[in-house]
Amino acid sequence: MRGSKFILILIAVMLFLYFFGLGDMPLTDPDETFYAQTAKEMLEADEWVTPMIFGKPQFEKPVLYYLLIVLSYMVFGVGEFAARFPSAVFGILGVLGVYFFGRLLFSPLCGFLSGMVMATCVQYLVLARGCVTDMVLLVFILYTLLFFLMGWMGKGRGYFYLASVAAALAVLTKGPIGLFLPGLTVLLFILLTRQWKRFPEIPLLRCILLLLLVSLPWYIAVYRMHGSAFVDEFFGFHNVTRFLVPEHRIGTSPYFYIPVILGGFFPWSTFLLFGAWNMWRHPHPGSADSRAGNYRLFLLLWFLVVFLFFSSSSTKLVTYIFPLFPVLALVAGRFWERFITSSDEDERTSFFMKISFWILVGSSPVAAAGAVFLVRYEYATTSAVQGTIMASVLYLLAIIVSALFFLKRRRMASFGAIASSVLVCALPVVWFILPVVGVHESSKELSLKVRELASSDEAVGGECDHRRGIAFYSGRTDMTDIHPHQALRDFFSRKERVWGIIQQKHYRNLKAEMPGKVSEPVASSGEYVLITNE
């Protein structure tokens, strides 16, 4: 099959997975609504430099991702689809980047298999459909390393310039980490392969100047506008303090990201261990290893730099190690390529693939049952549970088909059936599960009720980060933070009429403490209620 056909198949799969029902589910609190509301306020204020939320500057991330959403709003209108559109587009670019990486180091078939693995693993699929920065950061880091390696392999000095631009855009997406991760990977690769004599091949000064030319103007502009407030919040808190001091209760264990990889890379995670062994013990015959100066070490360093850096961070979130997923996809894709193209005489590859495959088959019923249990525990609604059961059954049927192909030695068909197991789940997930998730994880329904009932001179309050969703859907930026509990009491003790969206458990406590001061719920959605003072 020619490379163009591989690309067309990948794009067709991704268009379905990433865009089907993309705008049907409300934006979830607190992360999606944070980015969506910031971009909305920038659009309304015609502000193209300073990210804003609740009418004030905020410096959690640089400006690029917000601008992508603003441009999407200008094309599609403000809404859920437009807010998630940039991530979906970059999801396609990321998979294509993995394809080109696999083709560069191995073969077009490996690129295709690696791209399909990437496109259909759980965490990549979720982030390609989410209004968060992680997908865009991954893509820019991926292309930084891809373009560098292409330049290093003698395909043209221009690729070094492209790598610099990609790194600069990563810096404009999430700050210094966008340069640190790929930069450290490249530096260690050159040093450990003892190729420092080749440094003159890199137009280093021009690359640095190009990187600064692309990335530095925004930092200069926002510093001139906001001074130390920008430096203290962006560099001091969001880059240094969050690394040294835990912001969340989760993530204290140094092994935190191991289960994240196993779950986030499902259904392909069972192929990682022996896939890594296969790649290390069986280098691609001939050119790629010598031209790249040991591509296996390059991929290993890429993985270790991301994994060890974030494992040592005091603040850990499941999405932080997302930039190492291309390495995982290449490992699994190369393993499958070797299995598909090798003869039966390659007993060791066949043996380890059988172990990996049957572990997947054996763990799939457990994963399906776990998904049903989790949805039932979290949401306890008939439609969500039935949708999860339907998706689980379809997934298991696809795995059974894959097992039948595997037994008949139809290896490519077996791989395709695993990828299809994700595709067949899309319909019940979008139709039955995501609407329920939207009710429980979004403030849309109650916020629209606020917009209907509250007058412009009546105060509206929300708890902490959930104010973002209330602001997005109600159109109110003058949101009062009614957390902690004393702030909640003070808010509803006001003489004038006020409105608040709070958790049901907090409402019950408030009602018991202030009888006659707080109304019965005007509306409820998931774990939240809309109330007013009487």
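Which two strands form a hairpin with two residues between them, and which residue in the turn has a positive phi? I found S6 and S7, with Gly 526 in the turn at a phi of about 60°.

**Ground rules.** This is a predicted model, where local features need pLDDT of at least 70 and side-chain atom pairs count only at pLDDT 80 or more, while totals for chains, interfaces and linings use all residues. Residues are numbered from 1 along each chain as its sequence is written, and side-chain values use heavy atoms, with hydrogens and water left out.

**Confidence.** I checked pLDDT next (the predictor's confidence in each residue, from 0 to 100). The protein averages 92, and 94% of the residues score at least 70. Helices and strands here are DSSP runs numbered from the N terminus (helices H or I, at least four residues; strands E, at least two). A contact means heavy atoms within 4.5 Å.

**The strands around S7.** I went back to the hairpin. S6 (residues 523-525) joins S7 by three bridges, and the two run antiparallel. Ala 523 stands opposite Leu 530 in S7. On the other pairing, S7 (residues 528-532) meets S5 antiparallel over five bridges, with Gly 500 and Ile 531 as bridge partners. S5 also pairs with S3 (residues 459-462), this time in the parallel sense over four bridges; there Gly 461 has Gly 500 as its partner.

Is S7 enclosed or open? Five of its five residues are buried, so S7 is largely enclosed by the rest of the structure. Buried means under 20% relative accessible area, exposed over 50%, partly exposed in between (1.4 Å probe, protein chains only). Tyr 528, Leu 530 and Thr 532 cover one side of S7, Val 529 and Ile 531 the other, all buried. S5 (residues 498-503) is mostly covered too, with six of its six residues buried.

**Empty space.** Rolling a probe the size of a water molecule over the atoms shows where empty space is left. On a 1 Å grid over the protein atoms alone, a cavity is a set of points where a 1.4 Å probe fits but cannot get out; a pocket is an open set with protein on both sides within 12 Å along at least five of seven lines; lining residues have an atom within 4 Å of a point. Points are joined across faces, edges and corners, and a volume is the space filled by probe spheres set on them.

I got one cavity of 30 Å³ or more. The largest cavity comes to about 50 Å³. Its lining includes Asp 29, His 440, Ile 501 and Tyr 528. By class, that lining has three nonpolar, four polar and two charged residues (Ala, Val, Leu, Ile, Met, Phe, Trp, Tyr, Cys and Pro are nonpolar; Asp, Glu, Lys and Arg charged; the others, Gly among them, polar).

Then I looked up the second largest pocket, about 510 Å³. Of its 20 lining residues, the closest to the centre are Ser 164, Leu 179, Gly 183, Val 186 and Leu 204. Helices H7, H8, H9 and H10 each give two or more residues to the lining, and H9 has the largest share with eight.

Most residues other than glycine have a negative phi, and most peptide bonds are trans. I noted these cases:

- Asp 29 and Pro 30 are joined by a cis peptide bond, omega about 0°; Pro 30 sits in the loop between H1 and H2.
- His 483 to Pro 484 is also cis, omega near 15°, and Pro 484 lies in the loop between S4 and H23.
- Asp 46 has a positive phi near 55° and is exposed at 58% relative accessible area.
- Phe 54 has a positive phi of about 55°, but counts as buried at 17%.

**Last look.** Leu 64, in H3, is buried at 17%. Leu 64 touches Phe 140, Leu 169, Leu 172 and Thr 173, not counting residues up to four places away in sequence.

Notes:
Two strands pair if DSSP finds at least two bridges between them.
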